[in-house]
Amino acid sequence: MGNTSEKRKSYHAEFKEIYQTGTPVKQILNEYGLSETTIYKWIRKQKPVKLDDGGSFTPEEFLNLQKELHRLKEENEILKKAMAIFAKK
């Protein structure tokens with residue numbers, strides 16, 4: 001039984017380049033043999049969300065920011081607990 005990462009093909013980085021050049025979805029489907037659901041999921045991840053201040057971000061970037069915020073909050077809680085322990089000494 002092989003490693004699933006060996007079996008799974010990864011087109012995500014290549015897809016970004018192809019999609020951004022304006023290649024039609026149908027052509028991408030035929031060329032790579034991917035499902036339409038997969039293509040539209042990738043498109044949704046790449047479509048930027050506009051902000052009121054004129055900036056933008058992709059849903060994927062937002063998810064990464066949420067993960068980073070969660071990690072930083074956890075680190076902050078650990079440091080608070082450590083500080084309380086050292087303050088007692």
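Predicted model: local features only at pLDDT ≥ 70, side-chain atom pairs only at ≥ 80, totals over all residues.
Student: What do Arg 71 and Glu 68 form, and how far apart are the closest N and O atoms?

Tutor: They form a salt bridge, and the closest N and O atoms are 2.6 Å apart.

Student: Is Arg 71 buried, exposed or partly exposed?

Tutor: Arg 71 has a relative accessibility of 36% and therefore counts as partly exposed, since that category lies between the cut-offs of 20% and 50%. Glu 68 is also partly exposed, at 35%.

Student: Which side chain meets that of Arg 71 in a salt bridge at 2.2 Å?

Tutor: That is the side chain of Glu 75, with the 2.2 Å taken from N to O. Both residues belong to helix H5, where they are four residues apart, about one turn of the helix. Glu 75 has a relative accessibility of 37%, so it counts as partly exposed.

Student: Which residues are linked in a network of salt bridges?

Tutor: The network links Glu 68, Arg 71 and Glu 75.

Student: How many salt bridges does the structure hold?

Tutor: It holds three. One of them joins Glu 77 to Lys 80, with 3.6 Å between the closest N and O atoms.

Student: Where do Glu 77 and Lys 80 lie?

Tutor: They lie in helix H5, three residues apart, which means that about one helical turn separates them. Glu 77 is partly exposed at 39% relative accessibility, and Lys 80 is partly exposed with a relative accessible area of 45%.

Student: Turning to the overall fold, what does the secondary structure come to?

Tutor: The protein has five helices and two strands. Read from the N terminus, the order of the elements is α-α-α-α-β-β-α.

Student: What share of the residues counts as buried?

Tutor: Of the 89 residues in the protein, 17% count as buried.

Student: And what does the accessible surface come to?

Tutor: The accessible surface is about 7800 Å², and carbon and sulfur atoms contribute 56% of that area.

Student: One more point, on contacts: what percentage comes from residues 24 or more positions apart?

Tutor: Among contacts in the protein with a separation of 6 or more, residues 24 or more positions apart account for 25%.

Key
Residues numbered from 1 in each chain as written. Heavy atoms only, no water. Buried < 20%, exposed > 50% of the residue type's maximum accessible area, 1.4 Å probe, protein only. Contact = heavy atoms within 4.5 Å. Areas by Shrake-Rupley, 256 points an atom, 1.4 Å probe, with all protein chains shown as cover. Salt bridge = Lys/Arg side-chain N within 4 Å of Asp/Glu carboxyl O.
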